[in-house]
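Here's a quick briefing to read with the model open beside you. Take it topic by topic and find each residue as you go.

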Amino acid sequence: MKQLDCILRLSNKFARLPGVGAKTAQRYAYSVIDMSAQEVEDFCAALRDVKAEVRYCAECGNFTDKEVCDICARRDKNVICVVAYPKDVLALERVSGYRGVYHVLHGTLSPLEGRGPDALRIKELLARIDGADEVILATNPDVEGEATAMYLARLLKPMGVKVTRIAQGISMGSELEYADEVTLMRALEKRTPL
């Protein structure tokens with residue numbers, strides 16, 4: 001029954017991915033079996049390449065293949081947009097209206113999951129504030145995102161920087177990566193001081 005062990009092992013690996021349940025993981029494993037040998041090699045190469053080539057930007061924490069990402073290297077550093085995850089940068093970049101830089105926290109505050117301020121890239125954010133005119137807090141409009149935004153606002157205001165929050169054109173409980181471009185643009189344009 002070695003073949004069943006192989007399928008189970010692969011299925012368990014897929015199940016470790018976020019949002020992938022046991023049944024989906026099993027479907028993925030069976031899909032791999034149906035792939036040609038070349039398709040499997042290409043799939044493995046893509047996994048190896050992303051692990052070898054993609055890293056976090058030394059300044060903002062977004063994905064890059066360099067020490068400092070193109071956004072940090074070329075954009076106005078007077079405005080910093082704070083997001084929870086790199087996928088949020090991709091969502092906001094679809095809008096094409098924002099010309100500042102980003103700061104990726106790599107999560108939000110969540111006491112229930114044991115994620116406090118030290119688990120996020122908050123110290124790195126505070127180190128970048130010198131010279132910035134505005135910090136836009138663009139965390140998701142859910143409980144954790146709101147708590148994170150309020151916590152950051154309390155830290156940032158005494159530093160003399162303007163702190164704004166994206167407008168609530170994005171409904172409570174939704175995620176930035178699924179918002180359309182028009183909603184994201186309006187949320188950025190109508191941000192409010194905190």
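Which helix does Ser11 lie in? Ser11 sits in helix α1, which covers residues 2-15. Keep in mind that this is a predicted model: local features need pLDDT of at least 70, side-chain atom pairs count only at pLDDT 80 or more, and totals for chains, interfaces and linings use all residues. Residues are numbered from 1 along each chain as its sequence is written, and side-chain values use heavy atoms, with hydrogens and water left out.

**The big picture**
- The protein has eight helices and seven strands (DSSP runs numbered from the N terminus: H or I of at least four residues for helices, E of at least two for strands).
- Its C-alpha trace spans about 65 × 35 × 35 Å along the principal axes.
- Of the 194 residues, 37% are buried (buried means under 20% relative accessible area, exposed over 50%, partly exposed in between, with a 1.4 Å probe and protein chains only).

**Around Ser11**
- Ser11 counts as buried because its relative accessibility is 10%.
- Beyond its neighbours within four places in sequence, Ser11 is in contact with Ala22, Ala25, Gln26 and Ala29 (contact means heavy atoms within 4.5 Å).

**A loop residue to look up**
- His106 is in the loop between β4 (100-104) and α6 (122-128).
- Its phi is near 65 degrees, a positive value in a residue other than glycine.
- With 23% relative accessibility, His106 counts as partly exposed.

**Salt bridges**
- The count comes to eight salt bridges (a side-chain nitrogen of Lys or Arg within 4 Å of a carboxyl oxygen of Asp or Glu).
- Lys77 pairs up with Glu59, and their closest N and O atoms are 3.1 Å apart. Lys77 is in strand β3 (residues 76-83) and Glu59 in the loop between β1 (55-56) and β2 (63-64), so this pair ties together parts that are 18 residues apart in sequence.
- Arg75 and Glu93 form another salt bridge, at 2.6 Å from N to O. Arg75 is in the loop between α4 (70-74) and β3, while Glu93 is in helix α5 (residues 86-93), so here too the linked parts are 18 residues apart in sequence.
- Arg75 is buried at 15% relative accessible area, whereas Glu93 is partly exposed at 25%.
- Asp118 bridges to Lys123, with the closest N and O atoms 3.7 Å apart. Asp118 is exposed at 68% relative accessibility, and Lys123 is exposed at 60%.
- Lys66, Asp70 and Arg74 are joined in a network of salt bridges.
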